[in-house]
Amino acid sequence: MEGIISQLFNGISLGSILLLIALGLAITFGLMNVINMAHGELIMIGAYATFVVQSLFIDYLPESMFNWYFVLAVPAAFLTAALVGWLLEWTVIRHLYGRPLDSLLATFGAGLILQQAARSIFGAPNVGVQSPALLSGAVEIFSISFPKSRIFIILLVTACVLFMFYYFYKTSNGRRIRAVMQNRDMASSVGISTRQVDSTTFALGAGFAGIAGMALTLIGPIGPTLGTAYIIDAFMVVVVGGVGMLLGTVIAALGIGVFNTGFEYFTNASMGRVLLFVIIILFLQWRPNGLFNLRTRKLD
């Protein structure tokens with residue numbers, strides 16, 4: 001029973017990380033139908049922003065204040081990745097709307113440029129970010145150890161998801177985004193600036209990718225290719241949950257995380273991955289649009 005509970009916690013933790021990574025991707029992919037292969041590099045930018053904040057605290061502030069660097073790392077990662085995402089959308093992606101294959105190639109090239117820029121700026125292939133004392137160690141409950149860093153990631157993802165639901169369904173900007181997702185031409189005809197919605201939404205999705213990168217610094221060292229290992233899983237979550245559907249993204253991320261750790265627990269890492277892909281393929285044969293699909297009055 002202890003092993004099952006531990007594996008369930010690990011599955012929820014992995015699902016939370018996938019959810020945080022896929023959250024921004026679900027927004028941009030669902031809104032603009034852009035296959036953003038540079039999403040992994042936006043994750044990397046958030047991780048390096050955390051590293052920079054840590055370095056500033058070490059170099060310029062007293063040692064007693066070091067544990068507070070993570071408070072500033074969250075907005076720093078979000079704003080840095082959002083700014084880079086906005087620049088990417090303004091310079092490249094806005095010229096490629098309606099051309100998904102071209103956007104795939106262009107963002108893949110932009111991702112390679114960002115990776116090389118990270119190598120040129122930070123030099124070493126991998127750098128480490130030291131966790132604050134509050135997030136080090138584990139909490140033991142009924143002789144089961146739960147890492148504090150994983151608990152923090154789960155709480156952080158919960159806060160981000162609640163914010164996204166509030167933003168999309170309780171604010172005027174969120175309603176504009178949903179209107180453009182459902183019917184871009186009709187939204188434009190009633191006065192909504194779809195151009196402004198696109199740029200703002202892409203920056204928002206990039207910002208959440210930056211927060212995901214900040215969270216990944218709690219798990220291991222970071223490097224220019226940090227996000228590459230997660231980009232396929234992120235697209236998998238988006239497709240299974242339903243393109244542009246937040247609730248579907250949440251369910252898909254947690255489900256994939258739990259199934260993945262469960263299969264690995266009963267078999268091994270390689271076989272668990274194979275079984276997971278088999279289940280996803282069979283599921284998409286049954287529901288090609290994912291768990292949820294967007295209902296509109298638009299005639300395709």
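Ring pairs join Phe57, Phe66, Tyr69, Phe70 and Phe152 into a cluster. Rings of Phe, Tyr and Trp (its six-membered ring) pair if their centres lie within 6.5 Å; planes under 30 degrees apart count as stacked, over 60 as edge-to-face and the rest as tilted. The model is predicted, so local features need pLDDT of at least 70 and side-chain atom pairs count only at pLDDT 80 or more, while totals for chains, interfaces and linings use all residues. Residues are numbered from 1 along each chain as its sequence is written, and side-chain values use heavy atoms, with hydrogens and water left out.

**Phenylalanine 78 and phenylalanine 208**
- The structure holds 14 aromatic pairs.
- One of them is edge-to-face, formed by phenylalanine 78 and phenylalanine 208, at 5.8 Å centre to centre with 85 degrees between the planes.
- This pair links distant parts of the chain, 130 residues apart: phenylalanine 78 is in helix H3 (residues 69-91) and phenylalanine 208 in helix H8 (residues 194-216).
- Helices are DSSP runs (H or I, at least four residues), numbered from the N terminus.
- Phenylalanine 78 is partly exposed, at 22% relative accessible area, and phenylalanine 208 is buried, at 2%.
- Buried means under 20% relative accessible area, exposed over 50%, and partly exposed in between (1.4 Å probe, protein chains only).

**Helix H11 and tryptophan 286**
- Phenylalanine 283 and tryptophan 286 form an edge-to-face pair, 5.9 Å centre to centre, with 75 degrees between the planes.
- Both residues lie in helix H11 (residues 269-286), three residues apart, about one turn of the helix.
- Phenylalanine 283 is buried, with a relative accessible area of 17%, whereas tryptophan 286 is exposed, with 63%.
- Arginine 287 lies over the face of tryptophan 286, 5.7 Å from the ring centre; a charge sits over a ring if NZ of Lys or CZ of Arg is within 6 Å of the ring centre and within 35 degrees of the ring normal.

Definitions and conventions:
Helix = DSSP H or I, 4+ residues; strand = E, 2+ residues; numbered from the N terminus.
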